[in-house]
Amino acid sequence: MKITALPGKVRLPRGRRGRILTVLVLVVLLGGTGLAWWSARADDLPDDAVFAYGGRIETVAQLQERIQTLKALYGVQPPDAQDTAKSDAFRRDTAKAVAVGMVLDQAAHDRGIVIADKAARDVLTRFISQQIGEGPEARSKFVQALGTTGTSEDAVLEEIKRQLAVSQLFDSVTRGSSVGDGEVTDAFAKRKAQLDTPERRQLGNIVVKTKEEADQALTDLKAGTPFETVVAQRSLDGATRDKGGDLGQVTAAQLEDGYAKAAFAAPVGGLFGPVQTAHGWNVGRVRQVLPPQPAVFDQVKDQLKQQLTLEKALATWRGWLGAQLANANVRYVDSYRPADPAAPPQEAPGWSPAPGQVPGQPRPSR
């Protein structure tokens, strides 16, 4: 999976529900199998409407509020307004994503799934503790940061509740999905090349806004300033700043292409960069190189079984969700109607989730 997004972006804690939820809400919701959608005429909708569904009307102002929350949670960045083609596609895909989300919300409600306020607040509190720190001051910093993106704590809590509800819906729909030992053995033989562990590198990273800042960071490092000191002084990534910029052990496939090329060309202990990515200019150091290793069945069988079980659950989910959406009657205003209302978007508008990503956590990107 491509690791994409980082400094200052909101990430929620990991967990089984989180891992399933990402695949479920975003990958399946926005990129699953073909779904039947009605796109009836919307001539009778108000001037400020985006679409109508189930007796509800999504307005332009409401859609913009949702985009601001997604920006805070997922790092969603609308395209430049001057790029009319991309802006138009983003607008239409975002409208469709919200409409599909409403269908899921209704399905969760119909099954009596209710998320308590405390459950959502507990998730948010854990996130703030992990990313910012403990106590009222940390929460205050978090709320202030949300304000700069144009959203609010209440909006974030509603998004968390929505995701937790759909996670429970997924569990309900896919309950009973299982995989036998024989299926695991067969899958290992077919997927062995994919299961081999590629070369991994443990990297330290500093991310700043401009190339000039990155050049200065590199100059300081070459002059003998400890990497951890430069991280603490300059790096924008709050998630790794207190860890000396440590990204952990990553493969080239988990990184943006330009960053991966530089990071995997440098020797152990070597510096690389500056490299520009979607979230700033980066300077890194290779702390350790772990050579590739062939997969051993006994070592990967449990992980493989979990993956196969998830794949089977997703197949069940797609079939169920397709039936739900086949009965949906969404009426889009012309300027928000997707190019092909009968087919789901191929990717999410502005973010690209992947298995293993948690709700509210953009893929880390350099």
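## Helix packing in a predicted model

Asp-117, Ala-119, Ala-120, Arg-121, Val-123 and Leu-124 of helix H4 meet Glu-153, Asp-154, Val-156, Leu-157, Ile-160, Lys-161 and Leu-164 of helix H6, where contact means heavy atoms within 4.5 Å and helices are DSSP runs (H or I, at least four residues) numbered from the N terminus. This is a predicted model, in which local features need pLDDT of at least 70 and side-chain atom pairs count only at pLDDT 80 or more, while totals for chains, interfaces and linings use all residues. Residues are numbered from 1 along each chain as its sequence is written, and side-chain values use heavy atoms, with hydrogens and water left out.

By class, the contact of H4 with H6 has eight nonpolar, no polar and five charged residues; here Ala, Val, Leu, Ile, Met, Phe, Trp, Tyr, Cys and Pro count as nonpolar, Asp, Glu, Lys and Arg as charged, and the others, Gly among them, as polar. The geometry of two helix pairs is tabulated below, with axes fitted to C-alpha atoms over the stretch in contact and angles running from 0 to 180 degrees between N-to-C directions.

| Helix pair | Angle | Axis distance |
|---|---|---|
| H4 (residues 117–131) and H6 (residues 153–174) | about 110° | 9 Å |
| H3 (residues 84–110) and H12 (residues 297–326) | about 100° | 11 Å |

H3 and H12 are therefore roughly perpendicular to each other, a term that covers angles of 65 to 115 degrees. On the H3 side the contact is made by Val-100, Val-103, Leu-104 and Ala-107, and on the H12 side by Trp-317, Trp-320, Leu-321, Gln-324 and Leu-325. These residues divide into eight nonpolar, one polar and no charged.

H12 is also included in what covers the buried residues of helix H7, which are Val-184, Ala-187 and Phe-188, buried meaning under 20% relative accessible area and exposed over 50% (1.4 Å probe, protein chains only). H7 (residues 181–195) has 15 residues, yet its end C-alpha atoms are only 17 Å apart, short of the 21 Å that a straight helix would reach at 1.5 Å a residue. A kink of about 55° in H7 is centred on Ala-189, the bend being the angle between axes fitted to the seven residues ending there and the seven starting there.

Two single residues complete the account. Thr-69, in helix H2 (residues 60–74), counts as buried at 7% relative accessibility, and, leaving aside its neighbours within four places in sequence, Thr-69 is in contact with Thr-151, Ala-155, Val-156 and Glu-159. Lys-261, in helix H11 (residues 257–263), counts as exposed at 68% relative accessibility.

How values were computed. Helices (H or I, at least four residues) and strands (E, at least two) are DSSP runs, numbered from the N terminus. Angles under 35 degrees count as roughly parallel, over 145 as roughly antiparallel, 65 to 115 as roughly perpendicular and the rest as oblique. The expected span of a helix is 1.5 Å times one less than its number of residues.
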